[in-house]
Amino acid sequence: AMTSFWKIGIRCFDVDAVKLKDGMLLASHPSRFAASIASDSKSIKPEDYTLNEAREAGADTDAFPLLDSLLRHYASLVNDGAQAPLLAKNSNVDGHPGPLLNLDLKGPSLTAKDLQDIQK
């Protein structure tokens, strides 16, 4: 989806991330993750699943990519520098020229160390 939006000039993205039991970070909102795992999703928490358990339970790679993979893909779009028709009209968000990525780390298991690791 990010690539499709990029191609039409959308350069501002909001990405949520959750941490799994084995320390892996997925690009997902906790409620979306829970809904993909069970119909009664109120008690489902990402930090209760390893990556393998999450994949087996229905959090597939396409809908729930590893955060690292998604960030690398975003970086490749930015580094490619490909221009799109709407870029000239839609390249400024609140006075900041695009591109812009808002990363929202969700859940109690995320730590300052996770943020440092993401910045690498």
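What share of the 120 residues of the protein counts as buried? In this predicted model, 30% of the residues are buried, that is, under 20% relative accessible area, with exposed meaning over 50% and partly exposed in between (1.4 Å probe, protein chains only).

**View 1. Overall arrangement of the elements.** The protein contains five helices and five strands, running α-β-β-α-α-α-β-β-β-α from the N terminus. Helices (H or I, at least four residues) and strands (E, at least two) are DSSP runs, numbered from the N terminus.

**View 2. The salt bridge between D114 and K19.** The closest N and O atoms of D114 and K19 are 3.2 Å apart; a salt bridge requires a side-chain nitrogen of Lys or Arg within 4 Å of a carboxyl oxygen of Asp or Glu. D114 lies in helix α5 (residues 112–119) and K19 in strand β1 (residues 12–19), 95 residues apart. D114 is buried at 7% relative accessibility, and K19 is buried at 17%.

**View 3. The salt bridge between K21 and E53.** The side chains of K21 and E53 meet at 3.7 Å, N to O. This pair joins the loop between β1 and β2 (25–27), which holds K21, to helix α3 (residues 51–57), which holds E53, across 32 residues. E53 is partly exposed, with 36% relative accessibility.

**View 4. The salt bridge between K106 and D104.** The closest N and O atoms of K106 and D104 are 3.0 Å apart. K106 is partly exposed at 21% relative accessibility, as is D104 at 27%.

**Notes.** Residues are numbered from 1 along each chain as its sequence is written. In this predicted model, local features need pLDDT of at least 70, side-chain atom pairs count only at pLDDT 80 or more, and totals for chains, interfaces and linings use all residues, while side-chain values use heavy atoms, leaving out hydrogens and water.
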